[in-house]
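Colleague: Could we go through the charged pairs and then one of the chain contacts? I'd like to have the structure open while we talk.

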Amino acid sequence: MPAYATNMRLKFPILALILEAVTIIVYALLVVYDTSDSHRHDGSHAETNASHPSSPMTLYPMFQDVHVMIFIGFGFLMTFLKRYGFSSVGINLLLAAFGLQWGLLLQNIWHLHDGKIRVNIERMINADFSTATVLISFGAVLGKTSPVQLLIMTLLEITVFCINEHLVVEVLKVSDVGASMTIHAFGAYFGLAVARVLYRPGLRNGHENDGSSYHSDLFAMIGTVYLWMFWPSFNSAIAEPGDAQLRAVINTYFSLAACALAAYATSSLVEKKGKLDMVHIQNATLAGGVAVGTCADMDIQPFGAMVIGITAGIISTVGFKFLTPILASKLGIQDTCGVHNLHGMPGILGGLAGIVAAALGKKEKVSATSQACGLASSLGFALVGGLITGLIMKIPFLGQPPDQNCFDDSIFWEVPEEEEEHEERLTHGDYSKNKAEA
Amino acid sequence: MPAYATNMRLKFPILALILEAVTIIVYALLVVYDTSDSHRHDGSHAETNASHPSSPMTLYPMFQDVHVMIFIGFGFLMTFLKRYGFSSVGINLLLAAFGLQWGLLLQNIWHLHDGKIRVNIERMINADFSTATVLISFGAVLGKTSPVQLLIMTLLEITVFCINEHLVVEVLKVSDVGASMTIHAFGAYFGLAVARVLYRPGLRNGHENDGSSYHSDLFAMIGTVYLWMFWPSFNSAIAEPGDAQLRAVINTYFSLAACALAAYATSSLVEKKGKLDMVHIQNATLAGGVAVGTCADMDIQPFGAMVIGITAGIISTVGFKFLTPILASKLGIQDTCGVHNLHGMPGILGGLAGIVAAALGKKEKVSATSQACGLASSLGFALVGGLITGLIMKIPFLGQPPDQNCFDDSIFWEVPEEEEEHEERLTHGDYSKNKAEA
Amino acid sequence: MPAYATNMRLKFPILALILEAVTIIVYALLVVYDTSDSHRHDGSHAETNASHPSSPMTLYPMFQDVHVMIFIGFGFLMTFLKRYGFSSVGINLLLAAFGLQWGLLLQNIWHLHDGKIRVNIERMINADFSTATVLISFGAVLGKTSPVQLLIMTLLEITVFCINEHLVVEVLKVSDVGASMTIHAFGAYFGLAVARVLYRPGLRNGHENDGSSYHSDLFAMIGTVYLWMFWPSFNSAIAEPGDAQLRAVINTYFSLAACALAAYATSSLVEKKGKLDMVHIQNATLAGGVAVGTCADMDIQPFGAMVIGITAGIISTVGFKFLTPILASKLGIQDTCGVHNLHGMPGILGGLAGIVAAALGKKEKVSATSQACGLASSLGFALVGGLITGLIMKIPFLGQPPDQNCFDDSIFWEVPEEEEEHEERLTHGDYSKNKAEA
């Protein structure tokens, strides 16, 4: 049995404060506002201006929708576990708050203007996007990692993400407006690779806390519904303004609507008594948003988006039912939230749909070959990056919880004692004692 | 005792997938993006362009507010039942996801351009609106119907709604910007008619699950507060841009504020000990949004909106306290959520206010006679459509749950076993056994 | 022991309806729409037009973000108490619904046009803002006051707020775009003064209901996360359009991100076992939004905002851990939600940061002396106003609950009986009886 060092009192605060202090120093050196006066001496900046013709705030409502998806959507989606809600929504906030600062730096380090990074709403949206990769991977290792491990994962994953994104989008000129490949597939396979390295044989037969309660499932539905509603914003936020952005909204709207029907139908179909399963509804209804991401701004027409959505909904539900148990038992990949079914396979489906759409000429200046390279690159960086990150996270000093404390907030959080439970225990204690005496 | 066929395994998936497949085929034939290049050969489309002068995305933030009302607002409002939260928010999502696809088709089938329906944000808002009628009716029959019955209701109700809406708005030129008549009164009386047909004498004396728990009431408040906050968007989303839209926002804002005070005051007044009742707060605070709908864009001034709001808040609360029990016992209408009090009476009040406002000349080109015809038409279509739909839904094959399984998710959902309850039962079992042995 | 008169049946409805009736009458006399036709004869109104160049709806998405913060953010943040969720979210809605009507009147009574108040979106945002002061003070006295007391507090506090705001912003020309001083510090010290007057020695040793449960903490996180996400809108909503507004968004975004890291780190550091405390996470993560408020639109650069945020996060967490108990035991200030740590100290920090920024010339036409006067004025009005208001609220007739019924919804609300608890009690009753018989 390994030694566990789960007291976070010094290592967590020190790590968090050092990361934040370093970030602030780098920001002091590099990061300024992208205000109109900062453009005076900068002819090269015309491009960004063109995309915000009217006002620097044009994209702000889109930004807020994406913001809600990151902090409420991902955060509450993971509260489905009965005793892990504090960590789900709380650590989600922590990782995203650090990740957006780090992501904004690395995403823009490639194109400084006068040696500075100029922050505007579009870059804040992209910074939020970069955190989504981490939150997806967080889902794969949910309940089995410490805050210290997760901060390190955030640092490393966003670094790898920014390299891959730069390569795919800037160098290879791949079209991935809703980031099926660069965020969803990347985040999922990165997280699955980490989960593989952190494999816990002791949880082979499950864990009593690795399940939901009635109300935790309802909290999770808050996350699901927000993600479902605002996904059109996710897929269109950084699209070309005008027709392309409108297409991205419409395609995502219809893909998700068709996907929801498919997820409900399949959930009922795969269950002996025809009942619906909350795990499927919470997740597979969203697969259509993932899968339509790459093609979202392309001219695939509403029915094309619906075909993608219905396919994603079926694949995702079937994955939850049949593939997740096999991944755990045969490959040693314990995927707590089933991110493989929500982000992994639908992300690949999105990449494949993009290749087909490019081959059919659904978007100008996009080649099927580049799209395929973009998918391969995203998967490659994810798997290699995830394996290395997993090995680093395995260092015992980083506070990984022992098997019996998995899926339990109380190892890293003060948890209110439930009065009724307490009374219960006292009563039963009395009773047992009473019985013993008798 | 009737035979029950509540196993959904085949009939639900088959129905859902057929509906979706047919929808996709029709979309492939008829539905395209309303992008600027699609207007090239279409002079008649200038009108729609005029209402979006700046960008195809102008209405997008409004759309997202309405979207939140449909999926979070209606969905969580109905989670007040202690053991029916999965169905409330889950089936709400299912019905709205199908309904918006169906609604978009039928609402626009009357005015094709070059044989095509062109989707834009305004039409997505209207599609979302069309689902609201179903979600209101869902409230009347909540807990007593199967997903198969409800999908059929969605199909039929949206069809009838689109016919009535076309007649009222396009033919009779009735003004109903916030849809007090065409959505709220229509949805309520349609649902009440269905509930009448599905009357269950076995639930005359109530049902142990037909009530709330402390936390289910808090989940419901999420729905209430979102509906309350975003109702100005609901009533103004499709108003004429400019002053009319601003008026719609302001009138709804003040109507709801006044209504909230009235609902709280009345709730305390009608209760022996002066306590507030969550049912009133969750619902009657919203009646002001319903009732001001028809007049929202008219020149009724803020105080006029507040008078409408305060009236609606009082009527609605009194309805919950005194009328709902009478409807159930005397008329055989078991209205689970009390939609008659939130949407029915306030919807009629809104229609009447619109007639008065029209007579007083508060909006140009609107006649009091037409308004009255619009209200009569909406009520007529609702009652007749609801009765016929109810008869169709009564077919035993459609999986209506038996009385004892009403208001209980576990008949159509996998529900997590609550550990404490389980332990409890074991412990009590042991104890009884022990007692018995002693 | 004082006499308690907690039956609200007559006094609450009568007070609420009188307040609403008077409000409607004043609105009928004074309040009109700010539509374009109302400007025809009004040259002086050009200024307001200039800030809305494109459309009367430009600020509407910002308004809705602020609206969500007021009704969901504040409302759910206070649901952390295990048996006080109905009051937290319900009375929050009541007070804000009345407060916004009253605030809109008093904020604009200083500058009538043709004897009228013209409502537009910006004024609705300001009306929402005015209610925030009351909701902050509500946090200080949460669980220990009646709805009647709180309606009176709303009336008085908004009145004092509007006087101070007029003095500080209009007369002294203080810059306080995010209202660190005029809303946050004001609301906190007003509430603390009220709490001082209403000091309850009987709660010196705590109260069994003055704590959270697992799910109530998750409901509270809904409030936290919404406040955290939308705070950039709060701080930028009424900023000068263009660069200043963009700066306000960016500064708040980064201040909150840095603050979150600091709050998590400090929470773990001050706790013996290094565990995170939900109270800190729910509140101190937001202190960065408060503290950056005054400087939000100034040219402090992102790293400056982050320094403010990290400072606020540390101060706030330390305040919860060490200062709140001292305030209660030494000064007789029982601050239920710890508003001193979230709004009080960070508000003062914001005011001080504004003085420094003004001295460093970070905003044109802003003097450090004026800023200091603005802070002093806000604190002075808050303390004096709060003391007087507290004395008025102490009148026994107003229904203050007795100590033993504090922090308990059931004194003013119908609360559903929890079935399990009920069974529990029966079972234990049986058991005890059985034991007794034995």
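Colleague: Is Lys363(B) buried, partly exposed or exposed?

Modeller: This is a predicted model, and in it Lys363(B) counts as partly exposed, with a relative accessibility of 27%.

Colleague: Which residue does the side chain of Lys363(B) meet in a salt bridge?

Modeller: The partner is Asp297(B), at 2.7 Å from N to O. Asp297(B) sits in the loop between H11 and H12 of chain B, while Lys363(B) sits in the loop between H13 and H14, so the pair ties together parts that are 66 residues apart in sequence. Asp297(B) itself is buried, at 5% relative accessible area.

Colleague: And in chain A, what does Arg200(A) pair with?

Modeller: Its side chain forms a salt bridge with that of Asp403(A), 2.6 Å from N to O. These two residues are 203 residues apart, with Asp403(A) in the loop between H14 and H15 of chain A and Arg200(A) in the loop between H7 and H8. Arg200(A) is buried at 4% relative accessible area, whereas Asp403(A) is partly exposed at 22%.

Colleague: Switching topic, how many salt bridges cross the interface of chain C and chain A?

Modeller: The rule finds zero there, although 22 residue pairs are in polar contact between chain C and chain A.

Colleague: Which helix gives the largest share of chain C's side?

Modeller: That is H9(C), with 18 residues. By class, the side of chain C that touches chain A has 38 nonpolar, twelve polar and 15 charged residues. The two chains bury about 6,000 Å² between them, 71% of it on carbon and sulfur atoms.

Methods: Residues numbered from 1 in each chain as written. Chains lettered and ligands numbered in written order. Predicted model: local features only at pLDDT ≥ 70, side-chain atom pairs only at ≥ 80, totals over all residues. Heavy atoms only, no water. Buried area = accessible area lost by both parts, 1.4 Å probe. Salt bridge = Lys/Arg side-chain N within 4 Å of Asp/Glu carboxyl O. Polar contact = N/O pair within 3.5 Å; in protein donor to acceptor, adjacent residues only side chain to side chain. Helix = DSSP H or I, 4+ residues; strand = E, 2+ residues; numbered from the N terminus. Nonpolar A, V, L, I, M, F, W, Y, C, P; charged D, E, K, R; others polar. Buried < 20%, exposed > 50% of the residue type's maximum accessible area, 1.4 Å probe, protein only.
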